[in-house]
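I opened this entry to record what I looked up in one protein chain, residue by residue and then as a whole.

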Amino acid sequence: MKDLVRGRFAVPLSEHEQKVLQAMEQALYAEDPRFATHITNHGLHQNKRRMILGAVGVVAGLALVVLAALYSLIWLGAVGFALMVAGGAYAFSPAKKTVLGAVGEDGSIRHAAASRKSSRAGSKSSFMQRLEARWDRRRHDEW
């Protein structure tokens, strides 16, 4: 029986819930297998890599602090401490989230980062024109 973990307690799924969950998974894989695979595998590898690299940074920083204490080098101790803090922060900070895009009318995906770049590239007059057009649409919708 599959378990759904919430906090510390495992909540077993009923047979009906398992069937519904399986049907949803199969529908997702049938509709968009690439997206379904991306969702099921996303984040696991990145978080593990971040934790390993962060732990390596902490251990290397600790080694530098110990060496600094042995040889009375304050600057090396400061570098080691900074490396320890940076490694811990890197290990426990969340990875950058990927920004999803919007689906256009033609079915193409327009990424938010690309739309931001294109909006920055436009002149200020086009920005003002868009604001005026938006204002006109709102006024038109009210009447």
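I began with W75, which I found to be exposed, its relative accessible area being 56% (buried means under 20% relative accessible area, exposed over 50%, partly exposed in between, with a 1.4 Å probe and protein chains only). W75 belongs to helix α4, where helices (H or I, at least four residues) and strands (E, at least two) are DSSP runs numbered from the N terminus.

Before going further I noted that this is a predicted model, in which local features need pLDDT of at least 70 and side-chain atom pairs count only at pLDDT 80 or more, while totals for chains, interfaces and linings use all residues. Residues are numbered from 1 along each chain as its sequence is written, and side-chain values use heavy atoms, with hydrogens and water left out.

**Surface patch**

I then asked which residues form the nonpolar patch on the surface. They are L62, V66, L67, L70, Y71, L73, W75 and V79, with about 820 Å² of accessible area together (areas come from the Shrake-Rupley method with a 1.4 Å probe, and for residues only the protein chains shown count as cover). Such a patch takes residues with over 30% relative accessible area and no salt bridge, nonpolar side chains (Val, Leu, Ile, Met, Phe, Trp, Tyr) being joined within 5 Å; a salt bridge is a side-chain nitrogen of Lys or Arg within 4 Å of a carboxyl oxygen of Asp or Glu. Helices α3 and α4 (74–92) each supply at least two residues of the patch, and α3 gives the most, with 5 residues.

**The loop between the helices**

In the loop between α3 and α4 I looked at S72, which counts as exposed at 62% relative accessibility. S72 has a positive phi of about 55° although it is not a glycine. Most residues other than glycine have a negative phi.

**Along α3**

Is R50 buried or exposed? R50, in helix α3 (residues 44–71), is buried, with a relative accessible area of 14%. Leaving aside residues up to four places away in sequence, R50 touches Y90, A91, S93, P94 and A95 (contact means heavy atoms within 4.5 Å). With S93 I also found a polar contact, side chain to side chain, at 2.8 Å (a pair of N or O atoms within 3.5 Å, of which, within protein, one must be able to donate a hydrogen and the other to accept it, residues adjacent in sequence counting only if both atoms are side-chain atoms).

K48, also placed in helix α3, is exposed, at a relative accessible area of 58%; its C-alpha lies 8.9 Å from that of A91, 43 residues apart in sequence.

**Whole chain and confidence**

I counted 6 helices and 4 strands, in the order β-β-α-α-α-α-β-β-α-α from the N terminus. Of the 143 residues, 10% count as buried, and the chain exposes about 12,600 Å², 63% of it supplied by carbon and sulfur atoms.

The average pLDDT (the predictor's confidence in each residue, from 0 to 100) is 77, and 65% of the residues score at least 70. Confidence is lowest in strand β1 (residues 3–6), at a mean of 46, and highest in α4, at 94. Over residues 1–6 the pLDDT is below 50, and this stretch has 13 contacts in the model beyond near neighbours in sequence.

Terms used
Patches are made of residues with over 30% relative accessible area and no salt bridge: like charges are joined within 9 Å, nonpolar side chains (Val, Leu, Ile, Met, Phe, Trp, Tyr) within 5 Å.
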